[in-house]
Amino acid sequence: MTDKKSTILALYPNTYGVAYALFDSPKKLVSYGLGQIRPVNSKKSRERIQRYIDYYKPDVILLRGLSENRTHKRTLQLINQIAHEVSTQGLQIYSYTREQIKHVFNEFESRPQSKYQISQKIIEWYPQMENISFPIPKRWMSENFNAGIFDAVSLAVTFWYLEK
């Protein structure tokens, strides 16, 4: 468990690049964004993450947790490489799967949570994120560019809920 005054950097690599959210406390979202990486490249993703770590100097890193049977092999390797590199820097690392995130957000609502529903709950708590909200996705639509940022924030919410 970590001190609530620790700087938390949540990292969420996805198909667009690396989404991040930086918190000084559960109520203080300091910065968020998505570093686009084109073409998708693990080396560039790791370099971008290292720049975030060097710039923000977090105490704790939160990563996307993955299950081997539901994830592209390249993404799984990237997450494992990031975890290894971060651990060599002496930072605390926590990771949470999509199932854990849904479980936490189900505590706040009575129905299963989609990424869109989670994003709407996050906007309630962090109104400054309303400017990057996205519409309810249709089946034929690919994931919205900003969804990864909400995924990063959901990692932090899950961290505080489960590790408190």
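Trainee: How do the axes of helix 4 and helix 5 cross, and within how many Å do they come?

Mentor: This is a predicted model, and in it the two axes come within 10 Å and cross at roughly 70°.

Trainee: Why are helix 4 and helix 5 called roughly perpendicular?

Mentor: Angles from 65 to 115 degrees count as roughly perpendicular. The crossing is at roughly 70°, so helix 4 and helix 5 get that label. As for handedness, helix 4 passes helix 5 in a left-handed crossing.

Trainee: Which residues make helix 4 and helix 5 meet?

Mentor: Helix 4 brings Lys115, Ile118, Ser119, Ile122, Ile123 and Trp125, and these meet Phe150, Asp151, Val153, Ser154 and Val157 of helix 5. Sorted by kind, the residues of this contact are seven nonpolar, two polar and two charged. Lys and Asp are among the types that count as charged, so Lys115 and Asp151 go in that group.

Trainee: What does Ile122 touch, leaving out residues up to four places away in sequence?

Mentor: Phe105, Met129, Phe150, Val153 and Ser154. A touch here means heavy atoms within 4.5 Å.

Trainee: What makes a group of residues a nonpolar core?

Mentor: Its members must be buried residues of types such as Ile, Phe or Val, joined through side-chain atoms within 4.5 Å. The largest such core has 33 residues, and Ile122 is one of those with the most contacts inside it, as are Phe23 and Val153.

Trainee: Which helix gives the most to this core?

Mentor: Helix 5, with 10 residues. Another core, of 16 residues, lies apart from that one and includes Val18, Leu22, Ile61 and Leu91.

How values were computed:
Residues numbered from 1 in each chain as written. Predicted model: local features only at pLDDT ≥ 70, side-chain atom pairs only at ≥ 80, totals over all residues. Heavy atoms only, no water. Buried < 20%, exposed > 50% of the residue type's maximum accessible area, 1.4 Å probe, protein only. Helix = DSSP H or I, 4+ residues; strand = E, 2+ residues; numbered from the N terminus. Axes fitted to C-alpha atoms, helices over the stretch in contact; angles between N-to-C directions. Parallel < 35°, antiparallel > 145°, perpendicular 65-115°, else oblique. Left-handed = near helix turned anticlockwise from the far one by under 90°.
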